[in-house]
Amino acid sequence: MPLAIFWFFALVMLLGGLAVLSLRNPVASALSMVASFVGLAGLFIGLNAFFVGIIQILVYAGAIMVLFIFIIMLLDLKIEEKRALKLAPLLGGIGIVLAFTIQLLGILSKSPDLESKPLDLAAGSAAYVESSPGISTKLAAGHLPDVNLIGDVLFKGYNLPLQIVGVLLLVATIGVVVLSKRQPT
Amino acid sequence: MASLHDYLLVSGLLFAIGLAGVVLRRNIIVVFMCLELMLSAANLTLVAFSRFKGVNGLPDYNGQMLVFFVITVAAAEVAVGLAIIVALYRARQTINTEDLTSMRG
């Protein structure tokens with residue numbers, strides 16, 4: 001990914017995150033979170049993870065964000081009134097975040113960096129000749145069949161976790177229904 | 001071209017922003033959004049490693065599998081968490097964390 005495009009999307013993402021943190025209207029926070037996730041999806045697509053990028057927009061910027069805004073409207077939240085911030089939590093929070101950032105910079109300055117190599121589609125094609133010829137021909141033709149490759153790995157290598165995640169979603173659905181039923185008083 | 005360190009730096013900064021939001025904000029819905037930001041930062045790290053440490057010239061799709069599971073669990077978590085917030089609001093008429101002190105020791 002060219003550096004200019006990378007920093008554009010990274011800045012969209014980080015400024016969106018800062019807006020979530022600093023705006024006092026919850027609806028504005030939710031909408032700036034959409035901006036943040038669109039920037040993140042741009043970064044994903046720049047990393048050749050097309051499917052993850054699209055899922056990021058559909059699931060996060062679409063579904064989850066609608067859920068947040070729906071709840072904000074349901075609760076009829078107003079802009080928070082300004083409260084006096086207590087000093088100790090403020091200093092503690094900033095201290096934790098600063099410590100984390102300094103640690104991150106220290107680790108990054110000491111560990112070896114990797115430059116992005118262009119994808120070697122021919123080698124990938126050779127690796128998939130035996131197991132899935134369809135993917136292999138698409139790779140040999142010079143395309144990256146992202147969704148096919150993900151499906152191959154997901155259903156061949158991660159079948160049990162996939163089923164378990166299905167059960168998790170069922171449990172979440174039932175749990176939400178139970179939680180939102182009015183308790184008899 | 002952007003290198004691995006650029007992606008790791010950006011995702012670490014996004015994580016730090018989310019962490020700051022969780023610690024500093026008092027509105028429980030915004031705290032929840034910042035949790036989502038932190039999960040997404042972890043996703044960016046996973047996808048970056050999957051691209052830069054590829055196998056056979058292709059991205060390592062095992063890393064992207066973890067991203068899918070994180071997204072799924074995050075979606076389930078949001079649904080349950082928001083239901084809990086609605087129940088909390090019904091019981092207390094507030095979602096400010098400073099007013100929810102019944103479990104303070």
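Leu46(B) is found in helix H2 of chain B. The model described here is predicted. Leu46(B) has 20 other C-beta atoms within 10 Å, so this leucine is buried. The cut-off for a buried residue is 20 or more such atoms. With residues up to four places away in sequence left aside, Leu46(B) touches Gly63(B), Leu66(B) and Val67(B). Ala83(B) lies 37 residues from Leu46(B) in sequence. In space, the C-alpha atoms of Leu46(B) and Ala83(B) are 29 Å apart.

The contact between the two chains was examined next. Chain B gives 60 residues to this contact, and chain A gives 67 residues. On the chain B side, the elements that supply two or more residues are helix H1 (4-24), helix H2 (28-52) and H3. The largest share comes from H3(B), with 21 residues. Sorted by class, the side of chain B that touches chain A has 44 nonpolar residues, twelve polar residues and four charged residues.

Backbone angles were also examined. Most residues other than glycine have a negative phi. Gln93(B) is not a glycine, yet its phi is positive, at about 60°. This glutamine is found in the segment after helix H3 (61-92) of chain B. Gln93(B) counts as exposed because it has 9 C-beta neighbours inside 10 Å. The limit for an exposed residue is 12 or fewer.

Asn48(A) also has a positive phi, of about 65°, although it is not a glycine. Its place is in the loop between helix H2 (26-46) and helix H3 (50-75) of chain A. Asn48(A) has 20 C-beta neighbours inside 10 Å and therefore counts as buried. Thus Asn48(A) is buried, whereas Gln93(B) is exposed.

A further loop of chain A holds a proline. Pro145(A) lies between helix H6 (133-140) and helix H7 (146-157). Because 21 C-beta neighbours lie inside 10 Å, Pro145(A) counts as buried. Not counting residues up to four places away in sequence, Pro145(A) touches Ile135(A), Lys138(A) and Leu139(A). Phe51(A) is 94 residues from Pro145(A) along the chain.

Notes:
Residues are numbered from 1 along each chain as its sequence is written. Chains are lettered from A and ligands numbered from 1 in the order in which they are written. This is a predicted model: local features need pLDDT of at least 70, side-chain atom pairs count only at pLDDT 80 or more; totals for chains, interfaces and linings use all residues. Helices (H or I, at least four residues) and strands (E, at least two) are DSSP runs, numbered from the N terminus. Two residues are in contact if their C-beta atoms, placed from the backbone, lie within 7 Å. Ala, Val, Leu, Ile, Met, Phe, Trp, Tyr, Cys and Pro count as nonpolar, Asp, Glu, Lys and Arg as charged, and the others, Gly among them, as polar.
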